[in-house]
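Take a moment to look over the sequence and the model before reading on. We will walk through the structure together, one group of residues at a time.

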Amino acid sequence: DWAYKPESSPGSRQIQLWHFILELLRKEEYHDVIAWQGDYGEFVIKDPDEVARLWGARKCKPQMNYDKLSRALRSGCQCVS
């Protein structure tokens, strides 16, 4: 819970993508869109278009799509193999 802060207001440009992903993962209503997988902090995006749409709505960027979102995920996250 150290990384979790109360939800930012809709339209806030202050939220970072990793925090937004955590918000979705914590809410039961989005489990058909994104969910935890395994025991090592991994998650699966089940509906990439919906995650991109939600992120675009939060950031006031209606042209957001999964290609743009996935680029941001790759550049902002470190993968451990």
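Is Arg-53 buried, partly exposed or exposed? Arg-53 has 46% relative accessibility, so this residue counts as partly exposed. Here buried means under 20% relative accessible area, exposed means over 50%, and partly exposed lies in between, with a 1.4 Å probe and protein chains only.

Before going further, here is how to read the model. This is a predicted model, in which local features need pLDDT of at least 70 and side-chain atom pairs count only at pLDDT 80 or more, while totals for chains, interfaces and linings use all residues. Residues are numbered from 1 along each chain as its sequence is written, and side-chain values use heavy atoms, with hydrogens and water left out.

Now for the overall plan. The protein chain has three helices and two strands, and along the sequence they follow the pattern α-β-β-α-α. Helices (H or I, at least four residues) and strands (E, at least two) are DSSP runs, numbered from the N terminus. Of the 81 residues in the protein chain, 35% are buried.

Let us return to Arg-53 and find its partner. The side chain of Arg-53 meets that of Glu-50 in a salt bridge, at 2.8 Å from N to O. A salt bridge is a side-chain nitrogen of Lys or Arg within 4 Å of a carboxyl oxygen of Asp or Glu. Both residues lie in helix H2, three residues apart, about one turn of the helix. An α-helix has 3.6 residues a turn, so residues three or four places apart point the same way. Glu-50 is also partly exposed, at 22% relative accessibility.

By this rule there are two salt bridges in the count. The other residues to look at are Glu-23 and Arg-58, whose side chains meet at 2.8 Å, N to O. Because Glu-23 lies in helix H1 and Arg-58 in helix H2, this pair ties together parts that are 35 residues apart in sequence. Glu-23 is buried, with a relative accessible area of 2%, and Arg-58 is buried as well, at 9%.

What comes after H2? The helix is followed by Cys-60, which has a positive phi, near 60 degrees.

Next, turn to the aromatic rings. A pair of aromatic rings is described by the distance of the centres and the angle of the planes. Rings of Phe, Tyr and Trp (its six-membered ring) pair if their centres lie within 6.5 Å; planes under 30 degrees apart count as stacked, over 60 as edge-to-face and the rest as tilted. The whole structure holds two aromatic pairs. Phe-20 and Trp-55 form a tilted pair, with 5.0 Å from centre to centre and 50 degrees between the planes. Phe-20 is in helix H1 (residues 17-26) and Trp-55 in helix H2 (residues 48-58), so here too the pair ties together parts that are 35 residues apart in sequence. Both Phe-20 and Trp-55 are buried. Trp-36 and Phe-43 have ring centres 6.5 Å apart and planes at 85 degrees, so their pair is edge-to-face. Trp-36 is partly exposed, with a relative accessible area of 47%, and Phe-43 is partly exposed at 33%.

Finally, find Lys-68 in helix H3 (residues 66-76). Lys-68 is partly exposed, at 38% relative accessibility.
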